[in-house]
Amino acid sequence: MSAEQAHDGSAEVAARVERRWATIAVAIIVMMALLAAFAGIHRATMPQPRVEIIDPSRIHLSGEFVESNLGSVLEASGNVTVRAIGQQYSFTPACILVPADTPITLRATSADVVHGILIQGTNVNTMLVPGYISEQLMRFTKTGDYLMPCQEFCSFGHEGMWGKVKVIDKTDFANRAKAGGRLSCVGQ
Amino acid sequence: MLANRKLILAHFWLAFAVFGVALTLGAWQMFIRSPIGTWLSDPELYYRSLTAHGTVMGYVFPTLVAMGFGYAIAESALEQRLVGVRWAWTGFGLIVAGSIMAVIPIALGRASVLYTFYPPLIGNVFYYLGVVLVVVGSWIWVALMSLNLRIWRKAHPGAPVPLAMFANVAGSYLWAWTAVGAALELLLQIIPVAAGLKNTIDAGLARIFFSWTLHAIVYFWLMPTYIAYYTIVPRAIGGRVYSDSMARISFILFLVVAMPIGMHHTFADPMVGAGFKFIHSTFTALVALPTLLTVFTICASVEIAARLRGGRGMFGWIRALPWDNPMMLALAFSFVMLGFGGAGGLINMSYQLDASIHNTQWITGHFHLIFGGAIVIMYFAIAYDLWPHLTGRELIDVRLIRTQLWLWFIGMIVTTFPWHWVGILGMPRRMAYFDFGDPAIAPQALSVTFSAIGGFILLTSGLMFIVILARGMRAPQVDAGPYRFAIAVHQPKTVPVALNTHALWVALMIALTLTNYGYPILNLALSSGTSVPAVYVGAQ
């Protein structure tokens, strides 16, 4: 066997090992994509699916984000809807009151620049982009206080933009909701 | 010595000088918002510093390194005269002018919008124009890389393009196209508002345009590092490239799939629907493929070097590697950081997991580990490797070089690991200070302190790097010989056209951009009622 032939043989081995690795790499990636699709469809965990627009210069005048409509409301279905806005440099309401063990829909938008809502210790995390409505489904299993910082740079006061979420017992919340109106924990 | 050493040295020195300044700002930021610093009385200063740090580290520093390295590759890999030297200096001049134009409004506090712009926040128009000039300057480089390759092809019809140049041109095309997203955002949306011609802007559309640039730019930063993995490291440690064609496939994959994936930055955004978010998530998974292939090929190439040096056994060969060689050390550090950073990246791009860490300090930790760590440590290695060919002088401080690399690695780990951790605890990004007196935030104080210490280790290492290069300008003269690149075990005599040209892949890159970005962009651009009033920064 000549040196040239031996060299060709090693090239074949090299190519085979390489193909094997490439196959494993592709398999890993296909598996990741399938897992994400499965979790998205089967467990319904996915980012916000729909695009809704809103005029930020008019939100204080009419529509669902007028001041009197901000806060938490217990719907007839037993679910809770929370409406909030972010503006430089606070959230309204600054303290969001919600019940534990209840499906909650958070609907929020920005009155000026880009903000974000992040509830620490949870995976509730969404952007507030002026002109668009953000919607996020959430459910708290533990009562207590959670910090809710703005997570996107919104100019010089960004570091001071911290809200709060107070999760209370389900029946306690239902009692408070009987009085009607929109609930929050501002000043409590 | 390289014929265009002045041109290349100018790019490198400017790159490392601005890097030194931005690194110092970064260390100050780490310190001032940690419990060991006192609270800033004026948080605005923090955002000035942050804007400068991001603009330099994101746009100016890596672009100059890629350009300088690109000119070195064009000259030495193609072994022909570099055509368009005057244009190259023009591009360099544009970058200098653009940087100065951008930095003045930043320093005056008139452009504290961060390098990611964030409209409807609007800063001084000269900041944006400066960034545009930097990009235009770099586009001249893209054209020159293409032109020089074309001249070489004419002289060598059908011959395999040297791997270093093939990858270099792929990187330049990637940059040219990915910069278009931010360019559209700046030219069509932000600059008209900053100049006072309009006073409303679609913030959601701007975020989509920016995501077009924001992800693939990372792969542009990465290109010099990958070129070094494939074409410098094996030569420097006495090995061979395991496979020339797999290297080409990796660079082609970067070119094609780095682009249509940027919307994984907008998972939490309200202006993109679920479908496109999922498509972009899947494509982002694909971009792991060229990295997985690279890890294999480079490990195999390194093993070849070890076995040529007498290494034996399943893992025993690792001991036979030239660990006192700075290039070997840099590669090992780079791979460790790439491994951790890459694993974090898989979490970020994941359709579901991203929600837990989106816009937290985890993300800042992630890209500092990948870019500042895995990528920049190879920029150091590239500079060390090229320096004797640029100065005609030997870098004699090998021990100092090793210490510098060790410090950078340790500093990066000490900085970014706690950074990831506080991100998981939900600590938000881009804040001038934190109230560590709040019982809910107090547990993060220790981690933030570690990160700040890491920042100072990095600063020490970065300054050492600059000192080593400066001393190298006055070291004893040496004939470094021609600058060479690693060759493959089976150096190809012919290469299939698909692996030797870029046209098909550039077409695919553009087509995938159109399919993955076309609808979301048109949908918002054509719909009315999404523009919102601009909010001017620094306008008292």
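In this predicted model, helix 8 of chain B, residues 244–257, packs on helix 16 of chain B, residues 503–526. Their axes lie 8 Å apart. The angle between helix 8 and helix 16 of chain B is about 30°. Angles under 35 degrees count as roughly parallel, so helix 8 of chain B and helix 16 of chain B are roughly parallel to each other. Helix 8 of chain B brings Ile252(B), Leu255(B) and Val256(B) to the contact. Helix 16 of chain B answers with Trp505(B), Val506(B), Leu508(B), Met509(B) and Leu512(B). By class, this contact of helix 8 with helix 16 of chain B has eight nonpolar residues, no polar ones and no charged ones.

Next comes another helix pair in chain B. Helix 13 of chain B spans residues 361–391, and helix 15 of chain B spans residues 445–472. They pack at an angle of about 10°, with their axes 10 Å apart. Helix 13 of chain B and helix 15 of chain B are therefore roughly parallel to each other. On the side of helix 13 of chain B, the contact uses Phe380(B), Ala383(B), Tyr384(B), Trp387(B) and Thr391(B). On the side of helix 15 of chain B, it uses Phe465(B), Ile468(B), Leu469(B) and Gly472(B). The contact of helix 13 with helix 15 of chain B divides into seven nonpolar, two polar and no charged residues.

Now turn to helix 1 of chain B, residues 5–32, and helix 3 of chain B, residues 85–107. Their axes are 11 Å apart, and the packing angle is about 15°. Helix 1 of chain B and helix 3 of chain B are therefore roughly parallel to each other. The crossing of helix 1 of chain B past helix 3 of chain B is left-handed. From helix 1 of chain B come Lys6(B), Leu7(B), Ala10(B), His11(B) and Leu14(B). They meet Ala88(B), Trp89(B), Phe92(B) and Val96(B) in helix 3 of chain B. The contact of helix 1 with helix 3 of chain B holds seven nonpolar residues, one polar and one charged.

The bond runs from Pro119(B) to Pro120(B), with omega near 15°.

Pro93(A) is in the loop between strand 4 (90–92) and strand 5 (95–99) of chain A. The loop between strand 5 and strand 6 (104–110) of chain A holds Asp101(A). Phi of Asp101(A) is near 55°, a positive value in a residue other than glycine.

What does chain A look like as a whole? The domain assignment gives domain 1 (1–46) and domain 2 (52–177). The centres of domain 1 and domain 2 of chain A, taken over C-alpha atoms, are separated by 45 Å.

Last comes the place where the chains meet. The size of an interface is often given as the accessible area lost when the parts come together. Chain A and chain B bury about 5,000 Å² between them. Of that area, 69% is on carbon and sulfur atoms. The contact takes 59 residues from chain A and 72 residues from chain B.

Key:
Residues numbered from 1 in each chain as written. Chains lettered and ligands numbered in written order. Predicted model: local features only at pLDDT ≥ 70, side-chain atom pairs only at ≥ 80, totals over all residues. Heavy atoms only, no water. Domains from an automatic or database assignment. Axes fitted to C-alpha atoms, helices over the stretch in contact; angles between N-to-C directions. Helix = DSSP H or I, 4+ residues; strand = E, 2+ residues; numbered from the N terminus. Parallel < 35°, antiparallel > 145°, perpendicular 65-115°, else oblique. Left-handed = near helix turned anticlockwise from the far one by under 90°. Contact = heavy atoms within 4.5 Å. Nonpolar A, V, L, I, M, F, W, Y, C, P; charged D, E, K, R; others polar. Buried area = accessible area lost by both parts, 1.4 Å probe.
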